[in-house]
Amino acid sequence: MAMDGENPGQERMSLRERKKQLTYEAVSEAAIAMFLERGFDKVSVAEVAAAADISKPTLFRYFPAKEDLVLHRFADHEDESARVVAARADGESPLDALRRNFLDGLERGDPVTGLCDVPAVLAYQRLLYGTPSLVARLYAYQGRSEAALARALGDRVRDRLAAGQIIAVLRVLALENWRRIDAGESAEQVYPSAVESAELAFVQLRTGLGDQD
């Protein structure tokens, strides 16, 4: 029974949404496990659907493309930069907020920063960056990140230009960190230069763009 003031329909919708999210995650994780074991191109969508005990049409309702089964892990990060800008403290510029967020991510070893040497994460990233169709699909996710950030900045032409440069910088920083770790360095070894590179990147953004208001 809903508490006073609650909408029962909203409560039921919340439960449905949670169930849907759990299904998304379960199907995605099952697919990723199969791709890691056998290779992305050697596993069919029909096999993924069978392993998840759902029909192929149902799977495509959740994931419009096979690549989305892998990139679902990025879904929560798609509008991260926009959320950071929107939630920044009074008096904090968008660039300062984004810099702070990225440096915090480096300190935590957040996989999105590329500075993570957990074996399961490295295996996933090798799958992602080693599969051309996944790399191509990743650019669509990054395009949506760019659009969300541009809206958070104000959606003027200057904001769209800034968002494109910021998202590109974050991608380059993360990819450089991942490449070094994939080549055999530990996250601890890479961390100091990763921070230095991030600081340099944001100085260059600030010099080239100025603070967005």
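View A. Arg16 counts as partly exposed because its relative accessibility is 47% (buried means under 20% relative accessible area, exposed over 50%, partly exposed in between, with a 1.4 Å probe and protein chains only). The model is predicted: local features need pLDDT of at least 70, side-chain atom pairs count only at pLDDT 80 or more, and totals for chains, interfaces and linings use all residues. Residues are numbered from 1 along each chain as its sequence is written, and side-chain values use heavy atoms, with hydrogens and water left out. Arg16 sits in helix 1, residues 8-38 (helices, H or I with at least four residues, and strands, E with at least two, are DSSP runs numbered from the N terminus). Arg88 lies 72 residues from Arg16 in sequence. In space, the two C-alpha atoms are 32 Å apart.

**View B. Ser28, also on helix 1.** Ser28 counts as buried because its relative accessibility is 0%. Setting aside neighbours within four places in sequence, Ser28 is in contact with Phe63, Leu69 and His72 (contact means heavy atoms within 4.5 Å).

View C. Asp53 lies in the loop between helix 2 (45-52) and helix 3 (56-62). Asp53 counts as exposed because its relative accessibility is 71%. Asp155 lies in the loop between helix 8 (132-153) and helix 9. At 37% relative accessible area, Asp155 is partly exposed.

**View D. Helix 7 against helix 8.** Two packed helices are described by the angle between their axes and the distance between the axes. Helix 7 and helix 8 pack at about 90 degrees, with axes 6 Å apart (axes are lines fitted to C-alpha atoms, for helices over the stretch in contact, and angles run from 0 to 180 degrees between N-to-C directions). The pair is therefore roughly perpendicular (under 35 degrees counts as roughly parallel, over 145 as roughly antiparallel, 65 to 115 as roughly perpendicular and the rest as oblique). Helix 7 brings Leu127, Leu128 and Tyr129. Helix 8 meets them with Leu134, Val135 and Leu138. By class, this contact has six nonpolar, no polar and no charged residues (Ala, Val, Leu, Ile, Met, Phe, Trp, Tyr, Cys and Pro count as nonpolar, Asp, Glu, Lys and Arg as charged, and the others, Gly among them, as polar).

**View E. Helix 7 against helix 9.** The axes of helix 7 (residues 119-129) and helix 9 (residues 157-182) come within 11 Å and cross at roughly 115 degrees. The two are therefore roughly perpendicular to each other. The crossing is left-handed (left-handed if the near helix is turned anticlockwise from the far one by less than a right angle, right-handed if clockwise). Leu122, Gln125, Arg126 and Tyr129 make the contact from helix 7. From helix 9 come Leu175, Trp178, Ile181 and Asp182. The residues divide into five nonpolar, one polar and two charged.

**View F. Helix 8 against helix 9.** These helices pack at about 135 degrees, with axes 8 Å apart. That angle makes helix 8 oblique to helix 9. The crossing is right-handed. On the helix 8 side are Tyr139, Gln142, Ser145, Glu146, Leu149, Ala150 and Leu153. On the helix 9 side are Asp159, Arg160, Ala162, Ala163, Gly164, Ile166, Ile167 and Arg171. Eight of the contact residues are nonpolar, three polar and four charged.

**View G. The largest nonpolar core has 30 residues.** A nonpolar core is a set of buried Ala, Val, Leu, Ile, Met, Phe, Trp, Tyr and Cys residues joined through side-chain atoms within 4.5 Å. Leu98, Phe102, Leu106, Leu115, Leu149, Ile166 and Phe202 touch the most other members. Helix 5 (80-86), helix 6 (94-108), helix 8, helix 9 and helix 10 (187-209) each supply at least two residues. Helix 9 gives the most, with ten. Leu98 touches Ser81, Val84, Val85, Leu149, Ile166 and Phe202, not counting residues up to four places away in sequence. A separate core of 22 residues includes Val48, Ala49, Leu138 and Tyr141.

**View H. The whole chain for context.** Of its 213 residues, 38% count as buried. Among contacts between residues at least 6 apart in sequence, 67% join residues at least 24 apart.
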